[in-house]
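Subject: Structure handover

Hello,

I am passing this structure on to you. Please look through it first; my notes follow below.

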Amino acid sequence: MACAGSPKAEEGIPDTVSPLADEGSCAHKVGELALISPAIKPHDLIGATFHNTVVTDDMADYVTEYIEYVDSISMERQIEVSLDIAAIDGRGTADAVITTHSQVHIIDLKYGRGRVEAEWNVQLMLYALGMLSKHPSHEFVLHIVQPRINNYSVWKIPAKDLRRWAETTLAEAVAKTMTPRPIRTPGEVQCRWCKAAPTCKALYDHTFEVLQGLFEADMTPDDTQRVLDNKALIEKFLKAVEENALKELIVGHPVQGYKLVAGRKARKWSPSAEREITSKLGDEAYTTKLKGIGDITKLLGKDFVADNTITPTPKLILAKEGDKRNRIDSIGFNAL
Ligand code: SF4
């Protein structure tokens, strides 16, 4: 919605499959199965493969946190709800929807590590619009669940405000996409998943504009801020170009100045290795690892886990001034 040109720019570009996208789809599948059938626990699915990705202990732990979050709102829910969104003449699928007598909760699992907020989240607001005709005077509660970065973002919007947003901001944005040459507006959020990013002139121009002129003299505080403000976008552009070039070479299209080569070779055990090794070493062939927090919670309960876990001091990271997290004052050079 932030880039009126993106629907046209993406036209005809097929969806690409990436290990990260597959990993997200796999986590969603585990969550869907566990929410639909409470008898199935994410940990029961460790080792199963969905979307070319094997369910790991960690994934089962994270999805368990998502399930517990959904359960904490209500056990009565709809899963993978297909929604008709007339305002954009499209459809969408909400991960989980819970309807109470006065509220509609729309819950979205995000398995990536890029932080997403619920406030003014267009994807969730569109899903809410898909529910609006059935619940014209409810309050809509939008939830983003990102267990891998411990982000549980919640935002509420009454039906009347949602309707007003659809009739003004959304309607204007949709109208802008319908013009013969809709304007492309690069930005971190909209370019992140745009299929046109590897070849988008507007994104290229924006990246070039940010970087040109730097280093004619030493960087000023303004230069530093400009680069940091655009870091994700510049990285996105460079990564998209690289991934696209690799894809072109893989399907046999030449890329000037580049070729395909084999990556670093990593050895792994052959299918018969386990039998051979255990015949020689027995139990010595294996190492043991403490079960994850999700597994131990299941076995010994939340109180036990609370008494036996610590939260290490987090690494210091940069955040924008407007970020909701508390500012940490300088800790002094010697502490670094
Ligand atoms: S890459 Fe960014 S600027 Fe270009 S069309 Fe997509 S969203 Fe718009």
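Gly 282 comes after helix H9 and has a positive phi, near 60°. Helices (H or I, at least four residues) and strands (E, at least two) are DSSP runs, numbered from the N terminus. H9 covers residues 273-281, and zero of its nine residues are buried, so this helix lies largely in the open. Buried means that 20 or more other C-beta atoms lie within 10 Å of the residue's own; with 12 or fewer the residue is exposed, and in between it is partly exposed, the C-beta atoms being placed from the backbone.

Two points on reading the model. It is predicted: local features need pLDDT of at least 70, side-chain atom pairs count only at pLDDT 80 or more, and totals for chains, interfaces and linings use all residues. Residues are numbered from 1 along each chain as its sequence is written.

Overall layout

The protein chain has 11 helices and seven strands, and 24% of its 336 residues count as buried. Its C-alpha trace spans about 70 × 60 × 55 Å along the principal axes. The chain is divided into domain 1 (13-177), domain 2 (188-250) and domain 3 (277-307), with bounds that come from an automatic or database domain assignment. The centres of domain 1 and domain 2, taken over C-alpha atoms, are 29 Å apart.

The cores

A nonpolar core here is a set of buried Ala, Val, Leu, Ile, Met, Phe, Trp, Tyr and Cys residues joined through C-beta atoms within 7 Å. The largest one has 39 residues, and those with the most contacts inside it are Ala 27, Val 30, Val 63, Ile 106, Ala 128, Phe 140 and Leu 162. The elements that each supply at least two residues of this core include helix H2 (19-36), helix H3 (57-73) and helix H4 (122-132). H4 gives the largest share of this core, eight residues. A second, separate core of 10 residues includes Ala 9, Cys 200, Leu 203 and Ala 240.

S3 and S4 run antiparallel and are joined by seven bridges; strands pair if DSSP finds at least two bridges between them. Ser 82 stands opposite Thr 93 in S4. The two strands form a hairpin with four residues between them, and Asp 89 in the turn has a positive phi of about 55°.

The ligand

The ligand is surrounded by 15 residues, the closest being Cys 3, Ala 9, Cys 191, Cys 194 and Cys 200; a residue is near if its C-beta atom, placed from the backbone, lies within 6 Å. Helix H1 (6-10), helix H6 (188-192) and helix H7 (201-211) each supply at least two residues of this shell. The shell divides into 10 nonpolar, four polar and one charged. Ala, Val, Leu, Ile, Met, Phe, Trp, Tyr, Cys and Pro count as nonpolar, Asp, Glu, Lys and Arg as charged, and the others, Gly among them, as polar.

Ala 217 lies in the loop between H7 and helix H8 (221-250). This alanine counts as exposed, with 8 C-beta neighbours inside 10 Å.

Regards
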